Amino acid sequence: MGRRNPQRFDFATILIDHESAQPLYRQLEDQLRDAILQGRIAPGERLPATRRLSGDLHVGRNTVSQSYERLIAEGYLQAEIGSGTRVSTELPETLLNRPQARKKKENKTQRDGALLSQRGKQMFEFGDWNQLGIKPPRPFRPHVPALDLFPRHIWQRLSERRLRRLSRDLWGTGDSQGYRPLRQAIADYLKISRGVNCCSDQILITAGAQQGLELVSRLLLDPGDTAWIEEPGYTPARLVFELNGARVVSIPVDEEGLIVSEGVRQKANARLAYITPGSHWPLGMTMSLSRRLELLNWAQHHSGWILEDDYNSEFRYDGRPLPSIQGLDQHESVLYMGTFSKVLFPGLRLGYLVIPAKLVNAFVGARWLADRHSPPFEQAVLTDFIEEGHFERHVRKMRTSYASRQAALSEAIRQNFGDEVHFSRTETGLQLVVYGANEKKEAKLRRSADQLEIEYHPVSFYASPGTNPAGMILGFAAFTEEQIENTIRSWAMNYLKRA
Ligand SMILES: Cc1ncc(COP(=O)(O)O)c(C=O)c1O
């Protein structure tokens, strides 16, 4: 890699995920097309011979030929006898996006936006939702667990067994509150592992934590009510609250988590505090016991609700986890939320809320009105997975694997970037936040990552609008130690070359 001309596209940076459901030739084709459209492979530039690229990427020669042929058919590439395959000089997008066509498209887009409700317009103007997370992850996309280490064979075996004996209750309409045996399994797990004080009747199965946020904001917040969120904090929660008409007040955090006294100073009579105390998103620290008690005290004296998002509670590498805030609550003021997206796999779309008994009926109604219920079949397979001990084994195994992926990332950054960056390893979480040694260096770090298509989330995406805090969030969970080390090495080489 180091010998190649830095101006030219480095084909060895193409990432092929052999575990992905997307065929290998499609992964290669998509990445080549993106690189051409972004100008990273210039018009007229020659592509490597199929034999060489297949060797570099460890894929079959047919895979490469198939991708090339499809891009030739689409007009991105041209094959010339004797001189191999080159990028076309007139690209299809150049033809499609001539100013006239683009103008028409822009006008149409503005008209489409005007047709929407106020809430619809806010969503429309936020950005391009279609692009969210559907491409195969590249290092260091956050929020993605290690799909390569998930015991698919067990999941498959349990699914097949359930399919063979498919009972009537799994074919018909399900329970809007969730499959009862799954609620029981979750209640048992939460009591033991997180000190949550609940029974299965207080559990509502949701379509992931995101649906939990939507239901909570719809049922507990009126337009104009205030919700506290952490600063920085989980932006999708902010958007849900705001789109439901709430006012969001961002409360700073320190190494002990949300600074409750600051929340009280800014807006004591908020209706709800949304927090990630088990593992702060995105900085990774744990909320201290004294802050937890302070927050409960605020809730009791101001009749506020606490929404405790324990999305990542299973992954703690040092020390013992603190029990949940829900377990410390004496006044039914906490709603506890969890998800299987990180601990198992995000495509499952199953999560849960633990709600005070007095609210259960309203939540079940809201779920019924929203989308009836989650698919009973997946809930039944998940129940078996938990009841037969696979869940516990998987969590134990992943804790070790994530600890070593986290160590690989810390070590690679330290060795390759030295004093150019700083970061602190946290005892929880599937991400590290890295900062350039100063503003200029951080800008250079980002440019260099963008050039190599290294994925990261800027901390500023999770901060309140108008602020621009430093920091790059790097997810390590979905990548092997080798991928982590290679990517950091290439990144550092590219960065240092630009000195
Ligand atoms: C802090 C936090 N809460 C909630 C969620 C949503 O999880 P789900 O995929 O279950 O909707 C995420 C997902 O990344 C998250 O980071």
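A polar contact is a pair of N or O atoms within 3.5 Å; within protein, one must be able to donate a hydrogen and the other to accept it, and residues adjacent in sequence count only if both atoms are side-chain atoms. Keep that in mind for the first stop.

The model you have open is predicted, with local features needing pLDDT of at least 70 and side-chain atom pairs pLDDT 80 or more, while totals for chains, interfaces and linings use all residues. Residues are numbered from 1 along each chain as its sequence is written, and side-chain values use heavy atoms, leaving out hydrogens and water.

**Stop 1: the ligand.** Select the ligand and then Ala209: a polar backbone atom of alanine 209 is 2.8 Å from a ligand oxygen. Arg349 has a side-chain N or O atom 2.9 Å from a ligand oxygen. Taken alone the ligand exposes 390 Å² (Shrake-Rupley method, 1.4 Å probe), and the protein buries 93% of that.

**Stop 2: phenylalanine 340.** Select Phe340 and look beyond its neighbours within four places in sequence. Which residues is phenylalanine 340 in contact with? Among them are Ile186, Leu348, Tyr352 and Phe391, where contact means heavy atoms within 4.5 Å.

**Stop 3: glutamate 69.** Finally, select Glu69 in helix α3 (residues 61–74); helices here are DSSP runs of H or I, at least four residues, numbered from the N terminus. Is glutamate 69 buried or exposed? Glutamate 69 counts as exposed because its relative accessible area is 52%, and exposed means over 50% (1.4 Å probe, protein chains only).

Note on methods. Helices (H or I, at least four residues) and strands (E, at least two) are DSSP runs, numbered from the N terminus. Buried means under 20% relative accessible area, exposed over 50%, partly exposed in between (1.4 Å probe, protein chains only).
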